[in-house]
Amino acid sequence: MMNGKALILLIDDDALLRDLLTRALIQNGYEVLAVGTGSEGLSLFDLHNPDVVILDVLLPDIEGWEVCRRIRRVSTVPILFLTALEEIPDRVRGLVLGGDDYIVKPFAVEELLARVEAILRRVRRVVPTASSVLEVGDGALVIDRERRQVQFQGQLLDLSPIEYAILVALAERAGRVVSIDELLTAVWGGPQEGSLQALRWYIWNLRQKMEANPKRPRWIQTVRRQGYRLNP
């Protein structure tokens, strides 16, 4: 945070769009760092640790995909992709690489502002219960929602924001089936093109981190044509 305001790092080589979005974000109470290249964006990211990154895919020096990869090596900061690529596999690629959301150009500024606010609400959300700690499986899985930390079998799990959101949604209903729509709503605010494929990839990734045999999962199980269940 800068001066108590969320700090947004905007990386887009379209100067007109960059200026427009910068003004709109500032008018809505955000601090903004705006640059036109991936290398500049990575430098500012290292210096300022922003709360959200808005990242164009088609940059003149480093592809947005690669910028995302480099950020994900060191941070779970939410990343919102801006893309002119309309094919669903391209959108899925951004989510699979660790992006939290995407908007296809051209878009309304109001939509971008709504997406940023939704991302920040999701990141900051603390479930209002008597305890902010969720325990599943006699303490095998412990989720501290206030600190946003997850321990599994005594070890801290390194989870992306999306992996964390999926696991919390499953843990809150441990032992019950969580539908696909419920998970898509918990993570992305509802179904989007490509989000179902991305959800499957993130479930697979969670299994790699939690299951002794990811191909025969004991913890996160698929319930055919319904959704997923976290076994307590």
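## Pro232 and its surroundings

Setting aside neighbours within four places in sequence, Pro232 touches Val136, Gly137, Ala174, Gly175 and Arg218. The model is predicted. Pro232 sits in the segment that follows strand E12 (227–230). Its relative accessibility is 54%, so Pro232 counts as exposed. Gly94 is 138 residues from Pro232 in sequence. In space, the C-alpha atoms of Pro232 and Gly94 are 32 Å apart.

## Nonpolar cores

The largest nonpolar core holds 55 residues. Val53, Leu55, Leu141, Ile143, Ile166, Leu170 and Trp188 have the most contacts inside it. Helix H6 (residues 161–171) supplies the largest share of this core, nine residues. In soluble globular proteins, nonpolar side chains tend to be buried together.

Which residues does Leu55 contact, leaving aside its neighbours within four places in sequence? They are Ile11, Gly64, Val67, Cys68, Ile79, Leu80, Phe81 and Leu82.

## Helices H2 and H3

The axes of helix H2 (residues 38–48) and helix H3 (residues 64–72) come within 10 Å. They cross at roughly 20 degrees. Angles under 35 degrees count as roughly parallel, so H2 and H3 are roughly parallel to each other. Their crossing is right-handed. On the H2 side, Gly38, Leu42 and Phe45 take part; they meet Val67, Arg70 and Ile71 of H3.

## Helix H8

Helix H8 covers residues 195–210, 16 residues in total. At 1.5 Å a residue, H8 should span 22 Å; its end C-alpha atoms are 22 Å apart, so the two values agree. Its buried residues include Ser195, Ala198, Leu199, Tyr202 and Ile203. Asn205, Leu206, Arg207 and Met210 are buried in H8 as well. An α-helix has 3.6 residues a turn, so residues three or four places apart point the same way.

## Backbone features in loops

Lys105 and Pro106 are joined by a cis peptide bond, with omega about -5 degrees. Pro106 lies in the loop between strand E5 (101–104) and helix H5 (109–124).

Asn49 is not a glycine, yet its phi is positive, about 50 degrees. The loop between H2 and strand E3 (52–56) contains Asn49. At 54% relative accessibility, Asn49 counts as exposed. Asp138 also has a positive phi without being a glycine, here about 55 degrees. Asp138 is placed in the loop between strand E6 (133–136) and strand E7 (141–144). Is Asp138 buried or exposed? Asp138 is exposed, because its relative accessible area is 87%.

Methods: Residues numbered from 1 in each chain as written. Predicted model: local features only at pLDDT ≥ 70, side-chain atom pairs only at ≥ 80, totals over all residues. Heavy atoms only, no water. Helix = DSSP H or I, 4+ residues; strand = E, 2+ residues; numbered from the N terminus. Expected span 1.5 Å × (residues − 1). Buried < 20%, exposed > 50% of the residue type's maximum accessible area, 1.4 Å probe, protein only. Core = buried A, V, L, I, M, F, W, Y, C linked by side-chain atoms within 4.5 Å. Contact = heavy atoms within 4.5 Å. Axes fitted to C-alpha atoms, helices over the stretch in contact; angles between N-to-C directions. Parallel < 35°, antiparallel > 145°, perpendicular 65-115°, else oblique. Left-handed = near helix turned anticlockwise from the far one by under 90°.
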